[in-house]
Amino acid sequence: MVSIQQVVLSCRLDKNDEPVAENFRMEEGHLPEDLQDGQVKVHTRYLSVDPYMLDPQLVGGHLSYFLGVAGLSGLTALLGVREKGHVKPGANQTMVVSGAAGACGMLAGQIARLEGCSRVVGICGTDEKCQVLVHKMGFDAAINYKKDDITEKLLEYCPSGVDIYFDNVGGHISDVVISQMNKDSHVILCGQITQYNKDVPYPPPLPSHTEAILKERNITRERFLVINYSDKYATSLVQLTQWLKEGKLKVCETVVKGLENIGAAFESMMKGGNIGKQLVLVSEG
């Protein structure tokens, strides 16, 4: 057996108590020296310590939310909008979100409204997703890119042009959206899912006419990496969970049961089979 050090919870907090170091203790544990089939041995170098580790009540008992709205998806949506969107309350701004029925896009549209955008339009791939965005998530309109004429629909739904574009997909959809963006507007370059299986650099190069529009209209388009804003995680999570408690942020999840189905779930997610956050339920306990 191999000796290891482990941290355990030595005593639970009362409802109104604040956590202190004495709530935890170190113990010596043991692991078998030889690995069995299906086992792996890992060496921990860093551990994250975050506010959401205290109390599942932050998310109303929905532990899965820590993988979505109160996790990386929520942080990406909130910090993307705040750091790259340049939302100005009262400025009558319109935001368009591509990949809008995915985990990040669905939250980004709602957050844009909460931050001050007057109009939010989503782009997704089915009529069902469009219905969810408009009737459950509070989007003003949604475009089914598989059947609608994106150019015509954007002209209809964004009569004053596009001021902010939360880009999750890249490719042709983004070229069309950018063509209708206003002067001094902003692209939040979050993802380029249509390009991930292609042998191109990231961010992928744009067509020359799209590059020309960016330059002529002074449109900002900078790569957004949420890990560059780790100093803002704690306050951002507080904001996200507060909106959840107040019912201002709504969550949608697509859950597949069984670890053996993780490959199929990933394939489905990459092809747009999910609405909201794609999850795999490994264990009920």
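Helices here are DSSP runs of H or I with at least four residues, numbered from the N terminus. The model is predicted. Just after H6, Asn-218 has a positive phi of about 55°.

Within H6, the buried residues include Thr-210, Ile-213 and Leu-214. Viewed down the helix axis, the buried residues of H6 fall within an arc of 100°, so they line one face of the helix. An α-helix has 3.6 residues a turn, so residues three or four places apart point the same way. The buried residues of H6 pack against helix H5 (171-179) and strand E8 (220-223). On the face turned away from this buried side, H6 carries Ser-208, His-209, Lys-215 and Glu-216, which are exposed.

## Strand pairing and crossovers

Strand E7 pairs with both E6 and E8. Strand E6 (residues 162-167) runs parallel to E7, and five bridges join the two. In this pairing, Phe-166 has Ile-188 of E7 as its bridge partner. E7 and E8 are also parallel, with four bridges between them.

E6, H5 and E7 form one unit, which is right-handed. E7, H6 and E8 form another, also right-handed.

## Backbone exceptions

Asp-184 is not a glycine, yet its phi is positive, about 60°. This residue lies in strand E7. Asp-184 has a relative accessible area of 40% and therefore counts as partly exposed, a class that lies between the buried limit of under 20% and the exposed limit of over 50%.

His-86 is another residue other than glycine with a positive phi, in this case near 55°. His-86 sits in the loop between helix H1 (72-84) and strand E3 (94-98). Its relative accessibility is 39%, so His-86 is partly exposed.

The peptide bond between Tyr-202 and Pro-203 is cis, with omega at about -10°. Pro-203 belongs to the loop that runs between strand E7 (181-189) and helix H6 (208-216).

Definitions and conventions. Residues numbered from 1 in each chain as written. Predicted model: local features only at pLDDT ≥ 70, side-chain atom pairs only at ≥ 80, totals over all residues. Heavy atoms only, no water. Buried < 20%, exposed > 50% of the residue type's maximum accessible area, 1.4 Å probe, protein only. Arc of directions from axis to C-beta. Contact = heavy atoms within 4.5 Å. Pairing = 2+ DSSP bridges. Right-handed = clockwise from strand over helix to strand, strands pointing away.
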